[in-house]
Number of protein chains: 2
Amino acid sequence: MVRITGKRISESTIHRLSLYYRLLKVLQDEGYETVSSKDLADREKLTPAQVRKDLSFFGQFGTRGLGYPVTELRQQIAEIIGINKKWNVALVGIGNVGSALVSYKEFQKQGFHIKLIFDNDQRKIGSFHKGIEVHDVVNLRQMLNKYNIEIVIVAVPGAAAQGVVNEVVAAGVNAILSFAPTNLRVPSHVTLRSENMAIEMEHLTFHLTNENLYYTA
Amino acid sequence: MVRITGKRISESTIHRLSLYYRLLKVLQDEGYETVSSKDLADREKLTPAQVRKDLSFFGQFGTRGLGYPVTELRQQIAEIIGINKKWNVALVGIGNVGSALVSYKEFQKQGFHIKLIFDNDQRKIGSFHKGIEVHDVVNLRQMLNKYNIEIVIVAVPGAAAQGVVNEVVAAGVNAILSFAPTNLRVPSHVTLRSENMAIEMEHLTFHLTNENLYYTA
């Protein structure tokens, strides 16, 4: 088990760890046994110094001149980001976004098991999506507890989202991924990630608008 | 027009500008005329120094002791991130994710106009989604040109994504948002953002796995 204590890790670093994890899979498949920080950097359009700094948070992996052992590094990163185990996930809201998530095969492969689906639409309650029954959202708090749900995905309209999040927090779940286009408040012990497709688009328009701008990764 | 030259702007800064833009709308609605860097920081869980640094990239907005003028700052950020105009957008792939995007009202409100939809499924070609006709993807390059599309959203299966991206690049479009769960290659003059829901989930599992870890925004 890799221990990380007293270090300050940015969300950007966590994001890059996820990217390294995926890249190391590609390298494994291509038959590489070791990889240098320069190779990792080149493939992710980063600097070797950045790669070494990211990986140094977790102790000394690499050997100078030999690089990092691909399989071992991938396994260590999996442990660090917590995807070497299964996670019990619930989904609230089975509209277009919710349906896309339930059908998303990479989720299951990576250990994210959607155990429960909730909605408030009587026409959807009782129906099945990929074999998972849709439950009435009025039972949310009680069922999250009963099924030991660790992560909740909120894919409901903006106006309903804070109410759902409050129930999720009250149930003791500490990790929420929201697709609702609204600002949400959670206590500081809860981790909330908000997906906002409009914000992704704004990265694009920023670059289109500022074509000659230098920018960093 | 705000000019930004010779500065290096990180993707994290661009992301925070989008968040400030949204927060300033909330402040406008609440009747605030000015806002301090501390207020902005508190609401976004950042430090006032970070806020001042982000906003200083674009010249001097604020007045010491008085804070930033809310309406003007919001307008300036809109100009900087390029959402003070309309953008012609095309969508490739009208599955669950594509359908969610077409139905997403915030898109339209922010000036992202989905003008064209493409798919390769004969059952979908010729159908309409929110009044937009679905075209055969074989006509992608030619139609992107004809309709002056500036941004393309790629929501096709992983195996098809690179082929679509190549056509988009060949059509001269310089901004792509991908939902395909695969690594994509584009020339350096093209801006590509990849949405990967599994990576978002890994931010959550990282925090669940490293509960006592200090981390920075």
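1. The domain assignment of chain A gives two entries: domain 1 covers residues 11-81, and domain 2 covers residues 87-199. The model under discussion is a predicted one. Between the C-alpha centres of domain 1 of chain A and domain 2 of chain A there is a distance of 32 Å.

2. As to overall dimensions, a box of roughly 60 × 45 × 35 Å, taken along the principal axes, is filled by the C-alpha atoms of chain A. The secondary structure of chain A consists of nine helices and 11 strands.

3. Chain A has 217 residues, of which 39% are buried. When contacts in chain A between residues at least 6 apart in sequence are considered, 58% of them join residues at least 24 apart.

4. Chain A also touches chain B. To this contact chain A gives 55 residues and chain B gives 56 residues. On the side of chain A, the elements giving two or more residues include helix 1 (11-29), helix 5 (96-102), helix 6 (105-109) and helix 9 (197-209). Strands are also listed there, namely strand 1 (8-10), strand 9 (175-178), strand 10 (191-194) and strand 11 (214-216) of chain A.

5. Which element provides the largest share of the side of chain A that touches chain B? That share, 13 residues, comes from helix 9 of chain A.

6. With regard to composition, the side of chain A that touches chain B comprises 27 nonpolar, 19 polar and nine charged residues.

How values were computed:
Residues are numbered from 1 along each chain as its sequence is written. Chains are lettered from A and ligands numbered from 1 in the order in which they are written. This is a predicted model: local features need pLDDT of at least 70, side-chain atom pairs count only at pLDDT 80 or more; totals for chains, interfaces and linings use all residues. Helices (H or I, at least four residues) and strands (E, at least two) are DSSP runs, numbered from the N terminus. A residue is buried if 20 or more other C-beta atoms lie within 10 Å of its own, exposed if 12 or fewer, and partly exposed in between; C-beta atoms are placed from the backbone. Two residues are in contact if their C-beta atoms, placed from the backbone, lie within 7 Å. Domain bounds come from an automatic or database domain assignment. Ala, Val, Leu, Ile, Met, Phe, Trp, Tyr, Cys and Pro count as nonpolar, Asp, Glu, Lys and Arg as charged, and the others, Gly among them, as polar.
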